[in-house]
Amino acid sequence: MAVLKPWGLTRYGRRKQQERGKVQPQPDDGAPLGVKIFFAAIGVPLFVFVVLHLAGHGFEGHGH
């Protein structure tokens, strides 16, 4: 069984280093960049599809 460990320190490790005074606090930016790109790649085309469909341009002549 493999264990996936994120790169760098965990939140616990960063907090412990801050308590010892070794590093400055870094803001937690939430999701990694790859996850943000993935959701943007899915969300933007989906949004465009919904807007076009609601505007009456979706599925023109789909059998009716």
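Modeller: Glu19 and Arg15 both sit in helix 1, which covers residues 11-20. They are four residues apart, about one turn of the helix. In an α-helix there are 3.6 residues a turn, so residues three or four places apart point the same way. Keep in mind that this is a predicted model.

Glu19 and Arg15 form a salt bridge. Their closest N and O atoms are 3.8 Å apart. The cut-off is 4 Å, so a pair within that distance counts.

Lys16 forms a salt bridge with Glu19, and here the closest N and O atoms are 3.4 Å apart. Lys16 and Glu19 also both lie in helix 1. Their spacing is three residues, again about one turn of the helix. Through shared partners, the salt bridges join Arg15, Lys16 and Glu19 into one network. The structure holds two salt bridges.

Now the exposure of each member. Glu19 has 53% relative accessibility, so Glu19 counts as exposed. The threshold for that class is over 50%. Arg15 has a relative accessible area of 42%, which makes Arg15 partly exposed. Lys16 is partly exposed too, with a relative accessible area of 27%. Buried would mean under 20%.

Next, the wider chain. The protein chain has two helices and zero strands. It has 64 residues, and 2% of them count as buried. The chain exposes about 6300 Å². Carbon and sulfur atoms supply 67% of that area.

Helix 2 runs over residues 33-54, which makes 22 residues. At 1.5 Å a residue, helix 2 should span 32 Å. Just after helix 2 comes Gly56, with a positive phi of about 95°.

There is also a nonpolar surface patch of about 460 Å². Val44, Phe47, Val48, Val51 and Leu52 make this patch. Take Val51 as one of its members. Val51 lies in helix 2. With a relative accessible area of 40%, Val51 is partly exposed.

Arg15, Lys16 and Glu19 belong to one salt-bridge network. Glu19 pairs with Arg15, and Lys16 pairs with Glu19.

Conventions:
Residues numbered from 1 in each chain as written. Predicted model: local features only at pLDDT ≥ 70, side-chain atom pairs only at ≥ 80, totals over all residues. Heavy atoms only, no water. Buried < 20%, exposed > 50% of the residue type's maximum accessible area, 1.4 Å probe, protein only. Areas by Shrake-Rupley, 256 points an atom, 1.4 Å probe, with all protein chains shown as cover. Expected span 1.5 Å × (residues − 1). Salt bridge = Lys/Arg side-chain N within 4 Å of Asp/Glu carboxyl O. Patch = residues over 30% accessible without salt bridge, like charges linked within 9 Å, V, L, I, M, F, W, Y side chains within 5 Å.
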